[in-house]
Amino acid sequence: MCDPVERIRPGADESASGEPVDHAATSHVTTGQGRLHWYRRRNRGLVFATCVGWVVSGACLAFRAMKRKPRKRATVLVAAGTAVVALAGCGASSSGSTGSAAPVVTNGTAKIALPYQIPSFDPYTSYGLQVASYTYDSLVNITDKGTVVSGLASKWQATANSAKFTVRPGITCSDGTPLTAADVAAAITYASDPKNQLVGVSGMMPSVPFTATADKSTNTVSVALTSPFSFILRTVGQLPIVCPNGLKNPKILAHQTAGTGPYVLTKYSSSGPYTLSVRKGYKWGPGGATTSTAGQPASIELSVVSSDSTAANLLLTGGLNIAAVNGPDRSRLAGPSFTTAAFPSLFGLTFFNQAAGRPLADPALRKALVQGMDRQALANVAAGGHGVPGAALTSANAVCHTDLARANLPKGAAKATLEAAGWRAAGGKLEKSGKQLSIRIVTSAASGATLPSVAELLAKEWQALGVHVTVSTKDLNGLTTTLQQTGDWDVALSNVPVTLPSQLTPTVSGLAPPKGANFAAIHNDAYTKAEAKALTKADTASCADWNNANAALLRSADLVPIADASSNTVGSKAKFSLGNNAFMVPTSIRITR
């Protein structure tokens, strides 16, 4: 039985119960958000992760902390790939099924592919966040249609300034201890405290100071903000909640789990596979989902499969039940034994290094390079012939999404823009003051299997203008080092599946590494002004201002989206459902005969 659901309504109390917010909680837990806000307003995102989406088929751009001294710990760009973690349940509408008549396997093992290793299952790290929904729960969940359904909270309401959640009775942690409102408030406090430098979930926190309070008598958690923030339900409300034993000893979270989720991590090896075992008696999943439904897998095996082609082969031969497959390999997976759940995705964002001394600090050069892009050809390569030029800096299902690229990306002839900026083509070389323009493109196949091919086509398009272009395809660590430490790059291609416009802010404003997350050294005053205005409005009422902010980035050629297409999660004799962020809810998985 599903719990009541509701739609997010901007600027209004959003409650399943209709009761007013009570800020007079009897016990108070104050977060570290005051200091976190201090960092963000000055450093514009010292800690941040865009992997709030945990997107199934696109690769995810994330940040993790480097080993540095406290206060100077930098964030690093990491191309993290697909994750088959999801919210869905009763409210989800994107699903894959081999047919309602197919009998399900009882007490079976679901074999699911991950494109990268998980060094830590701590849900507050960038990698652990990717698999958190298997073993952790959030207060609420949001379906792909924007509908709020229950999670740990049975009732909730929110405005731009506050939110209140009633924690369900009867919830237990994986060690058997009951979960209380005070435990939830403590987890929010821990996750938001900048002293803990939890970059994996910092993007899920409001960028303004707030307090989390627990009322034992009503088992409620209230969140009160000192100033408005656009997306409180979509941030704090979806934070994975770590149980008390995990907060007492956070080191155990790397290879153990301490949550309330439907599965528990029972076997870990650094290179995988990772084995998860079902929890009996679980009944507080999205919309009231349980693990007692017939066919719920007794275990889930997450295996590292970095190649789309390999994943397709394993789906064809029965070695996998579920995997993300995009590009040309998707055409191989057809027939009654296969099902595909498609979800809107943005395939690739182009970043330009604007650091002092780099050639693309010159806005005229950036605009000329954008004008020299064949965006449809690039989209075809990025999405295996199934894409169209990216319309915005977020995927089509993201909050506030609208077509911004058409009206705001630089138009005109690249050669005319270059000539006006003093560049001349001579003997096939684009030169100024006798020096040829030379740029370096960096990317990683781990961020998206097709991105190296996109980079090669991009190089050919710019070489036609006389630019000397080199392409460097790296592994995750190499890309991280280049973007974060050496700075020896001019153009970076990566997948960034953000679901909220606010999640881009630390990446496109503020200080560069190691003091901030703005690795491309972007400084756009029009963006900053519009972003500040957007933060004062609740949920979708803020969209006009967020879109003005992102339009400013496009006009200045700070970023360019590559392709809009569908990310594809393919099942081989499997049923599953996808939710708001293309997450796959564990309680929806069924293996069929």
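Me: How many helices and strands does the protein chain have?
Reply: The protein chain of this predicted model has 14 helices along with 27 strands.

Me: And what share of the residues is buried?
Reply: Of the 593 residues in the protein chain, 61% are buried, and the chain exposes about 20500 Å², of which carbon and sulfur atoms supply 52%.

Me: Switching to rings, how many aromatic pairs turn up in the whole structure?
Reply: A search of the whole structure finds ten aromatic pairs, one of them formed by tyrosine 282 and tryptophan 284, which is tilted, with 5.0 Å centre to centre and 55° between the planes.

Me: Why does tyrosine 282 count as buried?
Reply: Tyrosine 282 counts as buried because its relative accessible area is 2%, and buried means under 20%; tryptophan 284, at 4%, is buried too.

Me: What about tryptophan 489 and phenylalanine 519, how are their planes set?
Reply: Tryptophan 489 and phenylalanine 519 form a tilted pair, with 45° between the planes and 6.0 Å centre to centre.

Me: Where in the chain do those two sit?
Reply: The pair links distant parts of the chain, 30 residues apart, with tryptophan 489 in the loop between helix H11 (476-486) and strand S24 (491-494), and phenylalanine 519 in the loop between helix H12 (505-508) and helix H13 (525-534).

Me: Are they buried or exposed?
Reply: Tryptophan 489 is buried, at 0% relative accessibility, and phenylalanine 519 is buried as well, with a relative accessible area of 5%.

Me: Which residues form one aromatic cluster?
Reply: Phe121, Tyr268 and Tyr274 form one aromatic cluster.

Conventions. Residues are numbered from 1 along each chain as its sequence is written. This is a predicted model: local features need pLDDT of at least 70, side-chain atom pairs count only at pLDDT 80 or more; totals for chains, interfaces and linings use all residues. Side-chain values use heavy atoms; hydrogens and water are left out. Rings of Phe, Tyr and Trp (its six-membered ring) pair if their centres lie within 6.5 Å; planes under 30 degrees apart count as stacked, over 60 as edge-to-face and the rest as tilted. Buried means under 20% relative accessible area, exposed over 50%, partly exposed in between (1.4 Å probe, protein chains only). Helices (H or I, at least four residues) and strands (E, at least two) are DSSP runs, numbered from the N terminus. Accessible areas come from the Shrake-Rupley method with a 1.4 Å probe; for residues, only the protein chains shown count as cover.
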